[in-house]
Amino acid sequence: NPAKAGQLSLIEGVLRKFETAGQGDRFRRWAEDRASRGPSPLERANLLLLAGRHEQAVRELAGAVRAGVGGPVRGEWKRRFEGSEHYRPLLVALATADPSDAGSRLELLALDGQESTPDAIEPLSMMLDRAPEPPYVRFSEGSGPARARSAFELAYRLMRIYESYGLMDEL
């Protein structure tokens, strides 16, 4: 069913069945062909991802985000790409496609060890401004990844950056 191609976990299950039957390459060829004719950027992105065309898939996902339809799947894509060579390009594409995606911007800063610098002020402030929605953001804190459990944690993090860089007048 072509309408299901927008649901990554569903078509990934189909890929696994094809792989179990020794037909994984056949499915990937189909996915790549279907992606060339897919009606939506999200559908094309999902199919290209499963076809192993990561760079093209990221470009299509960025197109979906710009079109306002890729937002809900960002977390799923980040989880899939985390730790791989495709993670940084994904974050760059997401942050470029949607500059209001503070989470991707902070994760990108964290990859460079810059999550506690003035560059983090704008995305942290954006997250804080979105309260009361719970701002769960991944960023590096000490020994490894941590999540902000509350707006208070974000405010504290922001305050520490202002204080560390002598920007108290701007606070």
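This is a dialogue about reading a predicted model of one protein chain.

Colleague: Which secondary-structure pattern does the protein chain follow along the sequence?

Modeller: The order is α-α-α-α-α-α-α-α-β-β-α, made up of 9 helices and 2 strands. Of the 171 residues in the chain, 43% are buried.

Colleague: How much confidence does the predictor have in the protein chain, as average pLDDT?

Modeller: Where pLDDT is low, the predicted coordinates should not be read in detail. Here the average is 84, and 86% of the residues score at least 70. Residues 139-146 stay under 50. The model does have 16 contacts beyond four places in sequence for that stretch.

Colleague: Which residues have the most contacts inside the largest nonpolar core?

Modeller: In soluble globular proteins, nonpolar side chains tend to be buried together. In this model the largest such core has 29 residues, and those with the most contacts inside it are Leu8, Leu49, Leu50, Leu61, Trp77, Phe81 and Leu90. At least two residues of this core come from each of helices H1 (8-20), H2 (24-35), H3 (41-50), H4 (54-66), H5 (74-81) and H6 (87-97).

Colleague: What is leucine 61 in contact with, leaving aside its neighbours within four places in sequence?

Modeller: Its partners are Leu42, Ala45, Gly70, Val73, Trp77, Leu90 and Leu94. For the whole chain, among contacts between residues at least 6 apart in sequence, 44% join residues at least 24 apart.

Colleague: Which residues of H9 are buried?

Modeller: Leu154, Arg157, Leu158, Ile161 and Tyr162 are. These residues lie on the same side of H9, because they cover an arc of only 135 degrees around the axis. The face turned away from that side carries the exposed residues Phe152 and Ser164. After H9 comes glycine 166, with a positive phi near 65 degrees.

Colleague: Where is aspartate 112 found?

Modeller: Aspartate 112 sits in the loop between helix H7 (102-111) and helix H8 (121-129). Its relative accessible area is 41%, so aspartate 112 counts as partly exposed. The side chain of aspartate 112 also makes a polar contact, at 2.6 Å, with the side chain of arginine 88.

Terms used: Residues numbered from 1 in each chain as written. Predicted model: local features only at pLDDT ≥ 70, side-chain atom pairs only at ≥ 80, totals over all residues. Heavy atoms only, no water. Core = buried A, V, L, I, M, F, W, Y, C linked by side-chain atoms within 4.5 Å. Buried < 20%, exposed > 50% of the residue type's maximum accessible area, 1.4 Å probe, protein only. Helix = DSSP H or I, 4+ residues; strand = E, 2+ residues; numbered from the N terminus. Contact = heavy atoms within 4.5 Å. Polar contact = N/O pair within 3.5 Å; in protein donor to acceptor, adjacent residues only side chain to side chain. Arc of directions from axis to C-beta. pLDDT = per-residue confidence, 0-100.
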